[in-house]
Structures are given as structure tokens and as C-alpha cells.
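Please study the sequence and the structure before working through the solutions.

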Amino acid sequence: MKPILHIQNLNVSVANRLLINNLGFDVKAEKVTALVGGSGSGKTTIGLSILQLLNPALKIQSGKIILSGVNLLSLAEHQMRLVRGKDIGMVFQEPLHAFNPLFQIGFQIDEVLRYHTQLDHPTRIKRMQELLDLVGLPDPERILRSYPHQLSGGMRQRAMIAQAIAAGPKLLIADEPTSSLDVTLQAKIMELFKKLQKELGLSMLLITHDLAMAQYMADDIVVLSQGEVVEQGACGHIMNFPKDDYTKKLIEATL
Ligand SMILES: Nc1ncnc2c1ncn2[C@@H]1O[C@H](COP(=O)(O)OP(=O)(O)OP(=O)(O)O)[C@@H](O)[C@H]1O
Ligand SMILES: [Mg+2]
């Protein structure tokens with residue numbers, strides 16, 4: 001089966017310095033690929049390259065980013081706008097920044113549905129209530145009326161996940177989706193991702209520095225060091241038989 005996402009020979013630079021060097025990996029349909037590596041290894045840069053939301057100082061020099069057969073790097077900005085939120089859902093590290101403080105949560109989730117679907121208002125309300133139920137937020141009517149600051153960090157992260165999956169994306173990109181949460185909440189959010197992944201058959205790119213989280217969630221692992229893939233393969237294989245010294249160090253640090 002063809003992968004949902006196929007990245008090939010991707011090079012990204014800033015001021016003539018290569019940040020991402022000849023990157024290649026796949027996300028298979030209905031599977032989770034974890035992108036792991038230390039701070040500054042280029043994980044977020046890769047996520048933002050896929051979405052084409054890079055800081056203008058960063059340039060994609062060459063490569064292909066193919067989502068369901070379409071090279072995203074050949075699309076114009078107005079076409080990418082249809083991809084973001086519709087074909088690719090995004091969950092970022094800090095949900096307070098992802099939601100606009102001035103608007104109610106319901107309005108902001110509804111934005112995705114208004115922009116990317118033809119659903120009428122009552123159907124969208126019903127859909128949002130189902131989504132909130134799906135991500136484990138009780139009392140959907142209250143949540144939809146709330147402003148971001150009125151929710152706890154864990155609730156905001158759940159609401160953001162609801163927003164990310166609202167339009168039924170082919171691929172979900174989650175960049176350190178639990179780092180802003182305490183350890184108990186981290187585990188709960190990972191459980192939620194696992195449940196959603198199974199129930200909805202989500203294909204997911206999980207970006208994390210946490211190998212334990214990658215091991216819990218991922219089918220495949222891509223290990224990144226200084227913008228280069230040092231090792232990739234099936235999660236069980238990499239965890240049990242790491243070849244690269246950097247991978248071995250990461251695993252030792254996790255145990
Ligand atoms: N706007 C920028 N200008 C210059 N260098 C940048 C810029 N953005 C990122 N970089 C550099 O790109 C490299 C990769 O950064 P990136 O944020 O992708 O790493 P990361 O793996 O996501 O790290 P973390 O785990 O800390 O989130 C770093 O060396 C960083 O300094
Ligand atoms: Mg990052």
C-alpha cells in the first residue's frame with residue numbers, strides 16, 4: 001500500500017546552513033510514525049516544512065513532500081490553505097498559543113468546519129458536540145461557549161485535538177503534543193491519541209523528544225540528529241536492535 005505521506009531528499013537551509021539534510025521517510029496509512037531526536041535536531045522544522053509554515057528565513061532547497069500522491073511543494077499558497085486543516089490536522093505544543101484568546105472555543109472549532117466543509121449550522125453544532133465527546137470533554141455546550149483561558153491546560157489540549165480532527169484529515173501532525181502538561185495529563189492525552197488513532201484509523205506523524213512516548217504510540221520510528229536521519233524502521237526493531245550510537249544513547253536515557 002502507498003504511504004499517506006512520503007518525504008524524499010528534503011533539504012532545508014537557513015543562511016546557507018543546512019538544517020535538514022537529505023531527509024526521507026514515510027507515514028503509512030492508518031499508522032503512526034514517530035520523529036524523535038534531541039532539541040534542535042530539526043523536528044519542528046520538518047513539521048513546518050510539510051505544512052509550508054516555515055519562518056521566511058528558512059528555505060526548502062529541494063525535495064518532495066508527497067501527501068496522497070500530491071507533491072505539496074508544487075502547490076501554491078491558496079492551495080496549501082485548503083490542505084492545512086482539511087487534509088492535514090495539526091496539534092502543537094502549547095494550546096494557549098494555538099487558540100485565539102479573544103474568541104470562544106466553539107467559534108474556533110467551527111472555523112475549521114465552515115472553511116473546509118459544506119455542513120449547515122445545526123449540523124456543525126452537532127458535529128462539534130460529537131467531537132468534544134470523542135476527545136473526552138464533558139458538557140460540550142459549556143466548552144463551546146468557553147474562552148480558552150477558562151479551560152485547564154489538559155482541556156485546552158483536548159479541544160485542540162478536536163479542532164485538529166474536525167474536518168477528518170488524512171494525516172495528523174502532533175509536535176510535542178504533551179510537553180506543556182504535567183506527567184499524569186501527558187499519559188491521558190497519549191491514551192486519547194491512541195484511542196482516536198484506532199477508532200478513526202488516523203495516520204499520524206508524532207514529533208517528540210520522548211522515546212517512551214514514541215514506543216507507546218508508534219509503528220515506525222525515525223531518529224533524527226542534527227537534521228539527518230541516523231536510523232529508521234519498525235518501532236520494535238529500533239528499540240530492541242538499535243544500530244546507531246545516537247539511538248543507543250537515546251534509548252539508554254529513556255530506560
Ligand atoms: N528562524 C530560524 N533562524 C535560524 N535558525 C533556526 C530558525 N528556526 C530554527 N532554526 C534552527 O534550526 C534547527 C532546528 O530547530 P527545530 O526547532 O526544528 O528543532 P527541534 O528538533 O524541533 O527542537 P526542540 O526539541 O527544541 O523543539 C536549530 O538549530 C535551530 O537553531
Ligand atoms: Mg521543536
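## Exercise 1: Helix 4 and helix 7

Ile 105, Gln 108, Ile 109 and Val 112 of helix 4 meet Ala 159, Ala 162 and Gln 163 of helix 7. The model is a predicted one: local features need pLDDT of at least 70, side-chain atom pairs count only at pLDDT 80 or more, and totals for chains, interfaces and linings use all residues. Residues are numbered from 1 along each chain as its sequence is written, while chains are lettered from A and ligands numbered from 1 in the order in which they are written.

Task: Describe how the axes of helix 4 and helix 7 cross, and classify the residues of the contact.

Solution. 
- Step 1. Contact requires C-beta atoms, placed from the backbone, within 7 Å. Helices (H or I, at least four residues) and strands (E, at least two) are DSSP runs, numbered from the N terminus.
- Step 2. The contact comprises five nonpolar residues, two polar and no charged. Here Ala, Val, Leu, Ile, Met, Phe, Trp, Tyr, Cys and Pro count as nonpolar, Asp, Glu, Lys and Arg as charged, and the others, Gly among them, as polar.
- Step 3. The two axes come within 8 Å and cross at roughly 25°. Axes are lines fitted to C-alpha atoms, for helices over the stretch in contact, and angles run from 0 to 180 degrees between N-to-C directions.
- Step 4. Helix 4 and helix 7 are therefore roughly parallel to each other. Angles under 35 degrees count as roughly parallel, over 145 as roughly antiparallel, 65 to 115 as roughly perpendicular and the rest as oblique.
- Step 5. The crossing of helix 4 and helix 7 is right-handed; the near helix is then turned clockwise from the far one by less than a right angle, and a left-handed crossing is anticlockwise.

## Exercise 2: Helix 4 and helix 5

Task: Determine whether helix 4 is roughly parallel or roughly perpendicular to helix 5.

Solution. 
- Step 1. Helix 4 (residues 105-116) packs against helix 5 (residues 121-134) at an angle of about 110°, and their axes are 10 Å apart.
- Step 2. That angle makes helix 4 roughly perpendicular to helix 5.
- Step 3. From helix 4, Gly 106, Ile 109, Asp 110 and Leu 113 make the contact, together with Arg 124, Arg 127, Met 128 and Leu 131 of helix 5.
- Step 4. These residues divide into four nonpolar, one polar and three charged.

## Exercise 3: Ligand 1

Task: Characterise the shell around ligand 1.

Solution. 
- Step 1. The ligand is surrounded by 14 residues, of which the closest are Ser 39, Lys 43, Thr 44, Thr 45 and Asn 55. A residue is near a molecule or strand if its C-beta atom, placed from the backbone, lies within 6 Å of it.
- Step 2. Helix 1 (residues 43-51) gives the most to this shell, with three residues.
- Step 3. The shell holds four nonpolar residues, nine polar and one charged.

Technical notes:
Contact = placed C-beta atoms within 7 Å.
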